Amino acid sequence: MLFDMDGTLVDSEKLWDVALQELAAFYGGELSEAARKAIIGTSMAASMRIVHDDLGQPERDPQASAEWINARILELFRSGLRWRPGAMALLRAVRAADIPTALVTSSGRPLVEVALDTLGRDSFDAVVCGDEVGAAKPHPEPYLTAARLLGVPIERCVAIEDSPTGVASALAAGAAVLAVPAEVPLAPADGVHQVESLTAADLELLSALLGERPA
């Protein structure tokens, strides 16, 4: 099992909203709704480029902006993360069944370390962070890396995602995909099964998604 983090397991996208809008205000502007949606699921570098372009300030240093965002989002994460509906129960069911499990996120390691205080450090056999891969989502590398670390063929993995960027990454890698839209609607796609909430997902569904694939 391959779990995305932001918007899939934890309701952290609202915290990112706060940090991003505060950064935009610090730069004397306001982030548009279109830019905010475009950021969801992307790497930090890509996110900062979107912010700068949206504010009409493409000359800004993306590294400086990323450092500002990282410091603020760490504060917000430490104040408390809320689970997405059904996420805790599904993760616990997967672990109880001894299914190899990885966290595959675009967030950087320092932020993920804080999130693991909520998610549980024993909830995953492997953790793949956005700053630890050569190419971030929507590139397939994060999911391919997770499958390799688990020692499981990617074709026998189910990836759970909430964003178009994450879904594209998982599909490109070759995983079965369970999509649970959070902040951004997801268009129907071959190889993607959608549910409104992870309260509708269980081990039987996950097994069925793999059963639909060639062995």
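Colleague: Why are α7 and α8 called oblique to each other?

Modeller: Their axes, which are lines fitted to C-alpha atoms over the stretch in contact, with angles from 0 to 180 degrees between N-to-C directions, cross at roughly 55 degrees and come within 7 Å. Angles under 35 degrees count as roughly parallel, over 145 as roughly antiparallel, 65 to 115 as roughly perpendicular and the rest as oblique, so α7 and α8 are oblique. This is a predicted model, where local features need pLDDT of at least 70 and side-chain atom pairs count only at pLDDT 80 or more, while totals for chains, interfaces and linings use all residues. Residues are numbered from 1 along each chain as its sequence is written, and side-chain values use heavy atoms, without hydrogens and water.

Colleague: Happy with that! Which residues of α7 and α8 meet?

Modeller: Pro142, Tyr143 and Leu144 in α7 meet Gly166, Ser169, Ala170 and Ala173 in α8, contact being heavy atoms within 4.5 Å. By class, that contact has 5 nonpolar, 2 polar and no charged residues; Gly counts as polar, Ala, Leu, Pro and Tyr as nonpolar.

Colleague: And which residues of α7 are buried?

Modeller: Buried means under 20% relative accessible area, and in α7 those residues are Pro142, Tyr143, Thr145, Ala146, Ala147 and Leu150. They pack against β1, β2, β3, β4 and α8.

Colleague: What makes α4 roughly parallel to α6?

Modeller: The axes of α4 (residues 62–78) and α6 (residues 109–119) cross at roughly 5 degrees. That angle makes α4 roughly parallel to α6.

Key
Helix = DSSP H or I, 4+ residues; strand = E, 2+ residues; numbered from the N terminus. Buried < 20%, exposed > 50% of the residue type's maximum accessible area, 1.4 Å probe, protein only.
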